[in-house]
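Reader: I would like to go through the aromatic contacts and a few surface details of a model. Could we begin with the terms?

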Amino acid sequence: MTSATNPATTPATASATGPTPPPGTDPELVSRLRADLEQAGYTLDGVDALIGRLANAALGREQALPAQRATADAGTPVATLVRLFVLGDAVDAGDVALALPALGLEGAHRLGLVRDQGPGVVASCDLRPYGDERHHWWVASDLTELATREPLREDHVLGLGGASTTLASWTPRPQVNRALDIGTGCGVQALHLGAHAEHVTVTDISERALAYARFNAALNGCDWEVVGGSMLDPVAGRRFELIVSNPPFVITPRTPDIPLFEYRDGGAAGDEVVSGLVRSIGDHLEPGGIAQFLGNWEVVGDADWRDRVRGWVEGTGLDAWVVQREVQDPAQYAETWARDGGHHSATAEFATMYAAWLDDFASRDVTAVGFGVVTLQRPATDRAPFLELDEVSGPVASPMGPHVLAGIRARTWLAEHGDDELLDVAWSCAQDVTEERHSRPGDTDPSVILLRQGSGLRRVVRLDTAGAALVSVCDGTLPAGAAVDAIAQLLDVPAAELRADLVPLLRGLVADGLLV
């Protein structure tokens, strides 16, 4: 076990064929670097102002030219840092010295951030600004293929990407004492956890990734417990109130034709990495503790994806709320991950990998692969766990974390309270909820009534006359049971029958936050 803030020696010089070592964590040098990055305005806002929306969007697609044009003649420290650490350009040594005045060129070499190339220097790692609504950070990782112009190495340490930002957006963020980041990589999720957890533990099987995590912790003034090992092995016997993971969930053929990237491939066949995490993570959650991670799951034959994921959860004793966000057929999935890492479709290597993926899926009759967010909770009381399996492919709120936490809390309340207690509450429509009524020309009554949620999962619920009447009086003053009885009288139907019809609607609206 090592502390993320322990001083490290200056990195050794990389061999001619090996990768450059991750940066060191000498406290004095890291402090100078932090001061220089702040002084230069090397922040998300600073970079946005320099290169603009078009170049930023292009960078997200791994296209450098617009950003190179925007920074070529800017002559500012932030432009130098973008060219050096994001674009991978060779930069004049004098420009680097001006951009890093406190650290200096010698300090940058000692820290392992740059290496000489001809008359200039090039970056040894990717280093870019990152942040959320209240914080700004910097994240170091291995150089991207955009910077190296080469396919990635199998021990590549991934930086900011779509999966890491998706997980960060969806993570619920209650104030907790102990939080765990499984498979931390360079530490992106841990940066967020540090804002609402007293103690943060990070694990990874890759020593290279842990070295980057230690550097990022030092650079951002964080104190993480950094432990090496596979998945939950390093924290055997320990429990946490919040666990997050962007695990190596990519379903990868176990054949010599496929490079096994540490950041994405867990070494198991099919979707066993994710299923194993679902089945084992409950032992590491405190009562009331929440775990959330991303995952892929296989759809076999004409089965429903829910059947497969339900089988993982059953018997764990955990609450589960799983949202499938995307589905790909085997060919789409193969194309996505054969390209990942810098392999281009016109090459023989790509074709070989593509075929290996198709053969692997065919061997198990896999007809589709789902991607989504798994949220689990260990019940704090002696009750039956809830299980909800949703499919939401459209846009959702960003960040989603507050809505996930509210949804878990609402579903927990519903699991702990019966229908009579549900009907005793005077519910209110959430502020983001609107109603739409559609009718054909000339009709006096609407043929379709829709309740629409403006944030969260942006649910759209179709209502009948009774449901619309119930929602219309949900203003926090009248208990739902009394409202249902009054509506039954108006519609001249038995109250007990109407209650049986409306309770499932009421539960769904409360669970998803349309009623609060």
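Author: A residue is called buried under 20% relative accessible area, exposed over 50% and partly exposed in between, with a 1.4 Å probe and protein chains only. This is a predicted model, in which local features need pLDDT of at least 70 and side-chain atom pairs count only at pLDDT 80 or more, while totals for chains, interfaces and linings use all residues. Residues are numbered from 1 along each chain as its sequence is written, and side-chain values use heavy atoms, with hydrogens and water left out.

Reader: How many aromatic pairs does a search of the whole structure find?
Author: The search gives eight aromatic pairs. Rings of Phe, Tyr and Trp (its six-membered ring) pair if their centres lie within 6.5 Å; planes under 30 degrees apart count as stacked, over 60 as edge-to-face and the rest as tilted.

Reader: What kind of pair do Y130 and W137 form?
Author: Theirs is a tilted pair, with 5.9 Å centre to centre and 35° between the planes. Y130 is buried at a relative accessible area of 9%, and W137 is buried at 6%.

Reader: And why is the pair of F350 and Y354 edge-to-face?
Author: Their planes stand at 80° and their ring centres are 5.8 Å apart, so the pair is classed as edge-to-face. Both belong to helix α14 (residues 348-363), and because they are four residues apart there, about one helical turn separates them. Helices (H or I, at least four residues) and strands (E, at least two) are DSSP runs, numbered from the N terminus.

Reader: Which residues do ring pairs link into a cluster?
Author: The cluster consists of W297, W305 and W312.

Reader: Turning to strands, how do β5 and β6 pair?
Author: Strand β6 (residues 136-141) and β5 pair in the antiparallel sense over six bridges; strands pair if DSSP finds at least two bridges between them. The two form a hairpin with four residues between them. P129 has W138 in β6 as its bridge partner.

Reader: How many residues of β5 are buried?
Author: Five of the six residues in β5 (residues 126-131) are buried, leaving the strand mostly covered.

Reader: Finally, where is V493 found?
Author: V493 is in the loop between α18 (480-491) and α19 (495-511). With a relative accessible area of 32%, V493 is partly exposed.
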